Amino acid sequence: MLAFIARRLAQSVVVMLVVAFIAFLVFRYVGDPVSSMLGQDSTMADHEALRERLGLNEPFYVQFYHFVTNALQGQFGISYRLQQPVSQLIMERLPATIELAFASSIIALVLGVGLGIYTALRQRTFGTGVIMTLSLIGVSLPTFLIGIGLIYIFAVELKWLPSFGRGQVVDLGWWRTGLLTESGLRSLILPAITLSLFQLTLIMRLVRAEMLEVLRTDYIRFAKARGLSQRAINFGHALRNTMVPVITITGLQLGSVIAFAIITETVFQWPGVGSLFVNSVAVVDVPVMAAYLVFVALVFVVINLIVDILYFIVDPRLRDGAKSGR
Amino acid sequence: MTEPVLSIKNLVVEFPFHDEVFTAVNGVSFDIMPGEVVGVVGESGAGKSMTGSAVIGLIEPPGHIASGEIRLKGERIDNLPEEQKAKLRGKRIGMVFQDPLTSLNPLYTVGRQLTETIRAHLPLNEAQARQKAIDLLVEAGIPKAAERIDSYPHQFSGGMRQRVVIALAIAAGPELIIADEPTSALDVSVQAQIIKVLKKLCSNHGAAVMLITHDMGVIAQTADRMVVMHHGKVVETGTVGDIIRRPREPYTVKLIESIPTIVRQEGAVLPSAAANDDKAYVQVKSLVRDFEIGGGSFTKLLPGKTELFRAVNEVSFTINKGETFGLVGESGSGKSTCAKMIVGLVRPTSGQILVDGHDIWAGGKGHQERRKRVQMIFQDPYASLNPRWRVRDIIAEPMRTLGIARNRTEVEHRVAALLTKVRLDPGVMRKFPHEFSGGQRQRIAIARALSSQPEFIVCDEPTSALDVSVQAQVLDLMRALQEEFGLTYLLISHNLAVVRQMSNAVGVLHNGVLVEKGPTDQIFDNPQADYTRMLLDAVPDISKVA
């Protein structure tokens with residue numbers, strides 16, 4: 001088990017280095033940072049001085065080394081647009097994104113797995129038909145349309161919930177949370193539903209398909225032939241086998257919820273890293289973009305690591321596989 | 001007279017499809033007495049498994065019992081509501097499935113699956129149930145049961161898993177065990193042990209057995225009475241000895257005749273002429289294949305850590321032109337790896353394979369010679385034909401790639417001729433593989449192998465996916481083609497009877513080592529190696545019926 005995690009960690013480091021390299025290339029070669037920082041009416045001497053100060057005259061690998069060591073300390077330079085350290089910008093906005101992603105992931109997981117099981121077990125019923133049809137809508141409607149639709153119904157027409165922003169936040173010093181105030185919680189509802197809807201339907205359809213597959217296997221037939229109760233068969237035997245493939249897809253989907261909440265954040269003017277990224281792209285704020293790239297990679301690498309460990313816990317065959325190395 | 005444990009009367013099982021009704025079981029009646037072992041035999045599609053599923057109430061929808069009755073100890077069970085049927089399962093009727101690799105839940109320990117079954121039926125607490133589980137495993141012949149009870153299914157071999165499955169089926173002391181092809185997925189030597197365990201456990205616990213199988217040999221050794229089924233109907237019922245020695249119905253006669261036996265029969269091929277090793281058509285010299293185990297791509301970077309598993313160890317044999325060499329062995333013996341090396345799919349670690357004097361792994365010329373002269377027939381005709389291609393294209397592909405025939409009419413001509421050779425109507429060349437039965441598909445596979453005009457064909461278990469009567473036809477065809485074209489065969493099989501009837505010479509492979517080789521009669525009638533003797537003893541054969 002430890003060897004397995006160590007191996008995965010080593011692979012993660014390689015992935016992160018590659019991504020850091022790409023981020024570095026973007027940072028270094030997309031446009032000339034010096035001219036974009038100094039503007040039009042600067043002299044060549046100014047350029048040269050800034051170049052020297054930023055270390056841009058040093059050899060390529062030295063620059064990359066500096067980039068990596070700085071990144072490890074959380075330093076990605078200074079945003080061109082906001083003239084603040086990038087790390088500070090991201091840290092300020094990260095809590096908003098994480099709270100949103102967390103809320104929508106829980107909605108997607110709980111409802112997705114629950115409905116998936118329900119529709120698999122009650123195959124030819126009216127309820128299943130309705131859920132399956134609605135889920136098609138969930139998969140096919142674009143996120144921004146769902147967001148705007150929800151805003152129209154619940155914010156504009158019914159005036160139940162706020163249509164934008166995070167509401168009041170409480171500053172815990174290192175984390176500014178919206179979960180402790182009523183307005184914060186109310187503001188979270190619509191964006192969380194919007195963001196979760198696609199994942200929810202995807203997870204539901206996946207769980208259903210896997211579960212139907214598992215229910216057809218020999219060991220389920222054998223479990224029936226042994227006279228186990230329906231409950232034991234469905235929730236003891238079938239569900240756990242269903243989870244093995246579901247974990248992978250779900251893990252990756254949750255990664256994309258955190259990393260690509262951009263559209264939802266834009267529609268609801270949610271002050272998270274997604275909207276920071278969109279605003280930065282508009283003005284070619286390269287340090288922010290590079291940092292965001294590294295951040296997204298980190299999210300995926302960490303989630304993948306968790307998925308691998310979960311796999312290990314769920315499936316005993318892998319535990320042995322790692323031991324004997326097969 | 002005592003009351004039968006199971007009594008089936010005029011059972012009809014139907015599957016309604018869009019506009020027609022398929023009758024899988026059509027008016028089947030038979031009884032099973034207490035403690036009796038009744039074999040239900042028939043070819044695929046005979047309805048024997050469906051009868052078993054009907055008894056235990058596990059017919060897959062939309063199938064259902066259309067009429068007739070099933071009585072367990074006189075009590076009618078086919079019309080019980082689902083909850084009450086569920087209560088019979090495991091408690092009064094147990095079931096053993098064919099494939100032990102898939103009948104256990106891979107994510108739970110064997111112990112957990114046993115205790116949950118025991119506790120579902122008997123009023124025991126966790127510790128008592130665990131003790132009973134250990135006792136059952138001991139009884140089923142699992143060594144060190146107390147330690148191994150917390151192992152997962154994948155940590156057991158196939159035969160051990162089937163023992164666990166039998167222990168599970170018997171756990172709650174049912175009156176009837178339905179064993180659906182309990183040994184078909186196992187090696188011969190394991191098969192014999194499993195039959196013993198099944199018989200012993202059932203007689204210890206006083207359970208009657210309904211043994212469903214296509215293998216007449218298994219029934220001959222196990223059952224008291226047998227029921228022969230064909231197309232959903234019972235053809236013949238009687239004691240095993242009676243039916244095997246004096247079959248009355250034409251179908252039974254034909255079925256018994258088509259079973260190959262390991263006793264020498266008339267018409268079996270003659271042993272090979274004194275093998276002149278240096279001039280033999282195919283020469284396999286000291287073939288070795290190692291597989292690396294241990295570590296994924298990452299640990300491979302670390303030096304000196306790879307362990308080697310020697311799948312094939314110094315195997316040498318020769319085959320004369322126009323003869324058949326049978327390679328026999330159980331799963332894991334390395335026989336398929338040998339086949340793959342000989343047809344050029346797996347590179348040997350060391351050793352040489354000469355076909356007509358050309359080293360087929362020498363590259364360049366050797367490679368070309370191999371493609372021209374060597375072909376292969378695979379085990380599973382359902383998986384070895386591309387389902388999206390028409391038969392014509394499947395058979396024509398080797399011709400096209402080797403440039404034997406290019407223009408369209410010539411290709412069609414040759415395909416038609418080949419189809420005629422394998423006794424199929426040339427008109428079928430426009431059809432797709434799924435429109436054919438297993439035996440017909442294997443004929444198509446043979447036609448494909450012949451289409452490049454090879455001289456040497458490697459047949460890897462060519463008939464083990466087929467029914468006995470179909471198997472007999474395919475073997476006949478292979479023999480006829482050998483005579484006509486002077487083909488040389490390497491016949492790989494776990495079925496000793498097939499090898500006996502087909503081969504001039506035989507090699508016995510065990511853990512990658514060729515333990516014995518020689519003319520067929522010598523190996524079968526006077527085996528030298530212990531392993532060969534053990535294999536021959538283990539074969540369930542209808543000639544052994546008491």
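First, the ground rules. This is a predicted model, in which local features need pLDDT of at least 70 and side-chain atom pairs count only at pLDDT 80 or more, while totals for chains, interfaces and linings use all residues. Residues are numbered from 1 along each chain as its sequence is written, chains are lettered from A and ligands numbered from 1 in the order in which they are written, and side-chain values use heavy atoms, with hydrogens and water left out.

Now the interface. How many residues of chain A are in contact with chain B? There are 26, and they touch 34 residues of chain B; contact here means heavy atoms within 4.5 Å. Between them, the two chains bury about 2700 Å², with 58% of that on carbon and sulfur atoms. Buried area is the accessible area, taken with a 1.4 Å probe, that two parts lose on being put together, summed over both. On the chain A side, the residues that lose the most area to chain B are A:Arg221, A:Phe222 and A:Arg226, together 26% of what that side buries.

The rule finds 13 residue pairs in polar contact across the interface of chain A and chain B, both residues being at pLDDT 80 or more. A polar contact is a pair of N or O atoms within 3.5 Å; within protein, one must be able to donate a hydrogen and the other to accept it, and residues adjacent in sequence count only if both atoms are side-chain atoms. Four helices of chain A give two or more residues to this side: H1 (2-29), H9 (218-225), H10 (230-259) and H14 (316-324). Helices (H or I, at least four residues) and strands (E, at least two) are DSSP runs, numbered from the N terminus. Helix H9 of chain A gives the most, with six residues. By class, the side of chain A that touches chain B has eight nonpolar, seven polar and 11 charged residues. Nonpolar covers Ala, Val, Leu, Ile, Met, Phe, Trp, Tyr, Cys and Pro; charged covers Asp, Glu, Lys and Arg; the others, Gly among them, count as polar.

Let us stay with H9 of chain A. Why is it described as largely enclosed by the rest of the structure? Because six of its eight residues are buried. Buried means under 20% relative accessible area, exposed means over 50%, and partly exposed is in between, with a 1.4 Å probe and protein chains only. Among the buried residues of H9(A) are A:Tyr219, A:Ile220 and A:Phe222. The buried residues of H9(A) pack against H8 (182-215) and H10 of chain A, and against helix H1 (48-56), strand S6 (93-96) and helix H6 (158-170) of chain B. After H9(A) comes A:Gly227, with a positive phi near 80°.

Next, chain B. Its domains are domain 1 (6-257), domain 2 (273-297 + 306-356 + 455-546) and domain 3 (381-453), with bounds from an automatic or database domain assignment. The centres of domains 2 and 3 of chain B, taken over C-alpha atoms, are separated by 26 Å. Their contact takes 15 residues from domain 2 and 12 residues from domain 3. These two domains bury about 1100 Å², of which carbon and sulfur atoms give 74%. In domain 2 of chain B, B:Leu466, B:Leu477 and B:Leu481 lose the most area to domain 3, together 38% of what that side buries.

Last, salt bridges. A salt bridge is a side-chain nitrogen of Lys or Arg within 4 Å of a carboxyl oxygen of Asp or Glu. Over all chains the structure holds 31 of them. Two lie between chain A and chain B. In one pair, A:Arg226 and B:Glu116, the closest N and O atoms are 3.6 Å apart, and both residues are buried. Between domains 2 and 3 of chain B there is one salt bridge. B:Lys421 and B:Glu484 also form a salt bridge, at 3.1 Å from N to O.

Within chain A, A:Arg8 pairs with A:Asp308 at 2.5 Å between the closest N and O atoms. A:Arg8 is in helix H1 and A:Asp308 in helix H13 (residues 286-314), 300 residues apart. A:Arg8 is partly exposed at 24% relative accessible area, and A:Asp308 is buried at 19%.

That is where I will stop.
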